[in-house]
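Please look at the structure shown below with its two chains side by side.

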2 protein chains.
Amino acid sequence: MKAEIIAVGTELLLGQIVNTNAQFLSQKLAGLGVDVYFQTVVGDNSERLRQAIEIGRSRADLLVFTGGLGPTQDDLTKDVLADYLKRKLIIHEPSMAQIEEMFSSRGIHMALSNRRQALMIEGGDPLENTTGLAVGNGLSVDGTLYLLLPGPPREMKPMMDGAGEVWLRSVLGETKPLYSRILKFAGIGESNLEAKLLDLIDGQVDPTIAPYAKEGEVSIRVSTKAGTPDEAGQKIDKTLEKIKERVGEHLYAQQDIPIEEEVVHLLRASRRKLASAESCSGGLLAELITNVPGSSGEYVGGVVTYTNIMKHHLLSIPMTQLEGEGTPGAISDSTAALMAERVRELADADFGVSLTGVAGPSESEGKPVGLVYVGIAERGKKAVVHTLNLSGGRSMIRLRAVKVALYRLWLALQGR
Amino acid sequence: MKAEIIAVGTELLLGQIVNTNAQFLSQKLAGLGVDVYFQTVVGDNSERLRQAIEIGRSRADLLVFTGGLGPTQDDLTKDVLADYLKRKLIIHEPSMAQIEEMFSSRGIHMALSNRRQALMIEGGDPLENTTGLAVGNGLSVDGTLYLLLPGPPREMKPMMDGAGEVWLRSVLGETKPLYSRILKFAGIGESNLEAKLLDLIDGQVDPTIAPYAKEGEVSIRVSTKAGTPDEAGQKIDKTLEKIKERVGEHLYAQQDIPIEEEVVHLLRASRRKLASAESCSGGLLAELITNVPGSSGEYVGGVVTYTNIMKHHLLSIPMTQLEGEGTPGAISDSTAALMAERVRELADADFGVSLTGVAGPSESEGKPVGLVYVGIAERGKKAVVHTLNLSGGRSMIRLRAVKVALYRLWLALQGR
């Protein structure tokens, strides 16, 4: 089964939005055992949309459209496809009732154009829109399948995960789905990881191994087509063993979760609490940790001691440690150690973590951009400090530093 | 001039990465007066790539390729296009020298396949790659223009902004470029802004007004084609007046900068300093502020008092304010006021800002998800507290709350 994704919308051609729908649908279709051979973007223009349909029909068995189902004159997908297939547009009564109900319940006057959202192509199946008004459509005509989805991701995704998938499975019959597992790594750079797995990435045919880019994180995706989840799991486990032999100490999860979530889990499981003291990272570690739902049980709080005076006021670090000739300075391993220890004491937490360094754009205290010290203080122990030399712009250095700090915490929580 | 963007790469068809290149190139081409009519994505497959070239040539005057210029056997763009155009591939000697130099300077053995990156199509112009090894290519054959760019954004963007743009301008000659101005708003929701500008967005033909989505921010883009920047500026200014009449109090910038950058500018201009105390936002405000380069002159630091004990320890807020029956609780306007005042005093700053509320997923202190109090304390004045009722998931509530807090700070810094 060969598929083509056709996204309809001039805003995509103007670069006003990025085509995340194509990515979502490609992943989704792969999971259903369907191969996507082309993705096309075309504007809100009847003639060019018709051309795209014709070309798509000549090279694919399934055309998945997103966009152009809305109420405005620019929303052409149903009209053009109906005309191309020489079919009529008919009203889907339940959708029409839903649209009228929505407007009347809010006491808003309904523009007639809104009725367009309840139209569907004759002979097709309606696909329920649980988060919007435009009804979707599934059609099978002369051996080609057509799936019409809305453009806004908040409507398209639920429809594809719901009625769209059900419809596709019913018309596709048996296919061998693609199973994937995401492996997440920390404390190792992307290029370094790839170098260590290069022969596997290049040479491995089934399962396949592919790097999977995500800002500030390092992941790979292991994929295989299989008849059952169990069969897939066994195949993936075999490949996993080879990966673990080489970079096992950096593997922190076999699903797509960030390292901060693992840190919160480990804290929770061992009933321990964390506090943070941040300088160059400016609160990013606190922000990532507290973005994990329910983290208030594990994360007590922290300080963003962005200036020396705050390091002194909040953490009682002597000014003679921070400033003046011959002193270690704010960006030093001894300051990182003090920050981690003091914030841990102040918060009466089991772990204190600290970051101090130079995120750039210019050097500080005569120290180079990218130099960051990470301190980890555990109750009853002296703080351990890790020295990092990071590359990238200001935001990337901050993010990488925080991810390494979280990795070091993750190790410390396991007594490693 | 009609253009088509052809992105080459199986990773796009598998949904492993999102096609941000298409967005960047679409914006770039619009800025050069070129209309993008189609975007296509095709995998690393000779036959299908050849098909895409044929279709592209039949409907566009300019084909812009990204991807497939690298060293591996999967990198096919130059081979397939050369074959299609019946031209030879030749070695671009300066690129070859650069590649060899890179490997020898690092003392790494160079695989022969790396030589492929120095190949170009005979009769074309080489395009320098300042951030990678694969040389780009610009060609004009039988009335069609071909522009070949690398796939990785960190190589593609600098090449397009550099040698690619120079080459395109030289072959395009005169075109009327599209000028755009981004307007940034704060303290108003996207749908509310759109509702207030609806007739302008729908009815305005030149300049056009389009909402421009960006997470947690509200922006619109005003665009017009014009002969000179001055002519464009005058046309856009006229439209701007109409927009200002309706939502002028929310407009904080006429360029794509975040509100935190404006806040730092205002602090700097008035030589005032800021400190923060965050609860529900967990350090996000500190993180956004400190992500502005050079903000250490204006942002002193802050606390993330995620738990009551930290609000008590760090900010000396009495436990009788925070806990127990009949007390205001941590999520209250009086606690927000105390947090803002105390952190301002502690840091000896001119402004203190605080956030306390319920980011979710579940309610807290019997108070609903989305309820957030923002406190603004100014030296010599009592704190002012704003009550927000926000919608969205946990991350979105945090981001929206922080953006509103920054908007309130921005107003306060202007004495509004």
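Of the interface residues of chain A, 100% are interface residues in chain B as well, so the copies meet through the same surface. The model in which this is seen is a predicted one. In general, two copies of a chain are related by a rotation about an axis and a shift along it. Here, chain A is superposed on chain B by a rotation of 180° with 0.3 Å of shift along the axis, and the RMSD is 0.3 Å. This is the relation of a two-fold axis.

Within chain A, the domain assignment gives domain 1 (2-172), domain 2 (178-253) and domain 3 (259-413). The centres of domain 1 and domain 3 of chain A, taken over C-alpha atoms, are separated by 49 Å.

The next feature involves both chains. Ten strands form an open sheet with mixed pairing, in the order 17(A)-16(A)-15(A)-13(A)-14(A)-14(B)-13(B)-15(B)-16(B)-17(B). Strand 17 (384-389) of chain A and strand 17 (384-389) of chain B stand at the edges; each has a single partner strand, so one side of each is left without a neighbour in the sheet. From one strand to the next, the twist averages 15°.

One pairing may be followed in detail. Strand 13 (residues 274-278) and strand 15 (residues 351-357) of chain A run parallel and are joined by five bridges. A:Ala275 has A:Gly352 in strand 15 of chain A as its bridge partner.

Helix 13 (residues 333-347) of chain A lies across strands 13, 14, 15, 16 and 17 of chain A, at about 145° to strand 15 of chain A. In chain B, helix 13 (residues 333-347) packs on the sheet, and its direction makes about 145° with that of strand 15 of chain B.

Technical notes:
Residues are numbered from 1 along each chain as its sequence is written. Chains are lettered from A and ligands numbered from 1 in the order in which they are written. This is a predicted model: local features need pLDDT of at least 70, side-chain atom pairs count only at pLDDT 80 or more; totals for chains, interfaces and linings use all residues. Domain bounds come from an automatic or database domain assignment. Copies are superposed by least squares on the C-alpha atoms of residues with pLDDT of at least 70 in both. Two residues are in contact if their C-beta atoms, placed from the backbone, lie within 7 Å. Two strands pair if DSSP finds at least two bridges between them. Helices (H or I, at least four residues) and strands (E, at least two) are DSSP runs, numbered from the N terminus. Axes are lines fitted to C-alpha atoms, for helices over the stretch in contact, and angles run from 0 to 180 degrees between N-to-C directions.
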